[in-house]
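I opened this entry to keep track of what I looked up, one item at a time. The structure comes first, then my notes.

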Amino acid sequence: MESLSLLIDGFGTALTPTNLLLAAIGVLLGTFIGVLPGIGPAMAVALLLPVTYGLDPIAAMIMFAGIYYGGMFGGSTTSILLNTPGESASVVTAIEGNQMARRGRGSQALAAAAIGHFVGAMIGTIALVLLAPAVASLAVDLGAPDYFAVMLLAFIAVTSVLGRSRVRGFASLLIGLTIGLVGLDEITGQSRLTFGSLALADGIDVVIVAVGLFAVGEALWVASRLRHTSGEPIPAGRPWLGREDLRRTWKPWLRGPLIGFPFGAIPAGGAEIPTFLSYATEKRLSKHRSEFGTGAIEGVAGPESTASASASGTLVTMLTLGLPTTATAAVMLAAFQQYGIQPGPLLFERESALVWGLIASLFVGTVLLLVLNLPMAPVWSKLLRIPRPYLYAGILFFASIGAYAVAGQVVDLIVLFVIGALGFAMRRYGLPVLPAILGVILGPAAEQQMRRALQLSDGSLTGLVNTTFAVVVYVIVAVVLLWPLIRRLLPSRSAERDDVTAS
């Protein structure tokens, strides 16, 4: 009851005209910046950080919350319409969302994403209010073996459900893991695949890889196909969800937070793993499995709801432990510190008004995101009316700007187009792009957690399976790997039963 009373006080703070206006401005700015390839919510918050120097801490945090959610939806918009993720959390959305747009259902995909964000954020924020202490205490108990097991599950789950064959899926994953090796070894300091270039010592930023494989690779692929097609604009479609769409999306909307919030709350979490797992889950559970890869709306609704709930979960460890688990949370932590505030276990006592005002603003920002962006779905989908030669030329231009903005180095542009050529080759030979992205994002983290677990066990492999949580995850991995064999046995058994019944 005390939390509810404090939340009501927080709404009193967040719903003042000034703070409400700042939340709306944050949502709009986040959305507009998020639609630029390679510029996600973290960069948006970082760019706007100096603007808030004259604001009081509560107003600044409320504006940051709006930018966070707006930036996430903006990244989803470019993923759906242009196959160009604005940030890593929206990579999965590009798989089905862009295929829906190509089939003239871009508006429906944007609507499913907007409602998914609303549902995921609402459920995730409610969970933040109710479960923050319990989830934080659980997250502290997870160790290196647990994190490695979860990342291995993400690798196996995604590569098992994508592409024409598992071989192609694992080949794509291997490409991503190789790209993830570029840079200095964090433990030994040894250079790996840098070819003597100091510019590659810090590795290749995931934004450059995602934009290269998706945006540049897609642009090159379309350019190679324009000679065989008319190049006419893609129709935008009707701007609402039909009864069949709602029937197929309400369950993924509700399942998303169950996956996203816990993963967002654990240290070293984020939206990448849960969105990949959400996509794999929806494909397993869908009655329209054959549509996946050609524009299944469940593949948009589930991951978008998951990503939004994960964003709420991220605030659990940031507020209660002072651990930023995403780049945006790290920038928000810097914003706290610029006001002399240190997040941690005592934050809820020392800065109660700030924390509960921020949490209340998450509810407000979620509603504003839906109100402002759902009517704009037909407007955004009109991007598809631009003739494709001009559209993809613009994508290459903004992709180059986004890649250069990461570090301001010309070598990033070279890397961008090399990876873009790789993305074109992967499309040409039928390799799915998503496992490669997953390998780049999670590969270095998985390696770090594996080596940490082995160091704690003096090199013994039992160090990877010395917790109950890790063992349970490995059992799930085994089921995913063996499922094709199990599924082959099940029909034969049912057929034998039919034979017995007939006789």
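**Notes on contacts, core and rings**

I began with Thr194: leaving aside neighbours within four places in sequence, Thr194 is in contact (heavy atoms within 4.5 Å) with Gly183, Leu200 and Ala201. I found Thr194 in the loop between β2 (191–192) and α9 (206–225); helices (H or I, at least four residues) and strands (E, at least two) are DSSP runs, numbered from the N terminus. Thr194 counts as buried because its relative accessibility is 7%. Buried means under 20% relative accessible area, exposed over 50%, and partly exposed in between, with a 1.4 Å probe and protein chains only.

I noted the ground rules: this is a predicted model, in which local features need pLDDT of at least 70, side-chain atom pairs count only at pLDDT 80 or more, and totals for chains, interfaces and linings use all residues. Residues are numbered from 1 along each chain as its sequence is written, and side-chain values use heavy atoms, with hydrogens and water left out.

**Core**

Which residues have the most contacts inside the largest nonpolar core? I noted Ile204 and Ile437, in a core of 132 residues. Such a core is a set of buried Ala, Val, Leu, Ile, Met, Phe, Trp, Tyr and Cys residues joined through side-chain atoms within 4.5 Å. Helix α4 (residues 57–82) gives the largest share of this core, 16 residues. Not counting residues up to four places away in sequence, Ile204 touches Ile179, Val182, Val209, Val415 and Ile419. In soluble globular proteins, nonpolar side chains tend to be buried together.

**Aromatic pairs**

I searched the whole structure and got three aromatic pairs. Rings of Phe, Tyr and Trp (its six-membered ring) pair if their centres lie within 6.5 Å; planes under 30 degrees apart count as stacked, over 60 as edge-to-face and the rest as tilted. Trp221 and Phe424 are a tilted pair, because their ring centres are 6.0 Å apart and their planes are at 55°. Trp221 is in helix α9 and Phe424 in helix α18 (residues 410–428), so I logged a link between distant parts of the chain, 203 residues apart. Trp221 is partly exposed at 24% relative accessibility, and Phe424 is partly exposed at 28%.

I also looked up Tyr279 and Phe292, an edge-to-face pair with 5.6 Å centre to centre and 70° between the planes. Tyr279 lies in helix α11 and Phe292 in the loop between α11 and α12 (298–320), so the pair ties together parts 13 residues apart in sequence. Tyr279 is buried at 2% relative accessibility, and Phe292 is buried at 8%.
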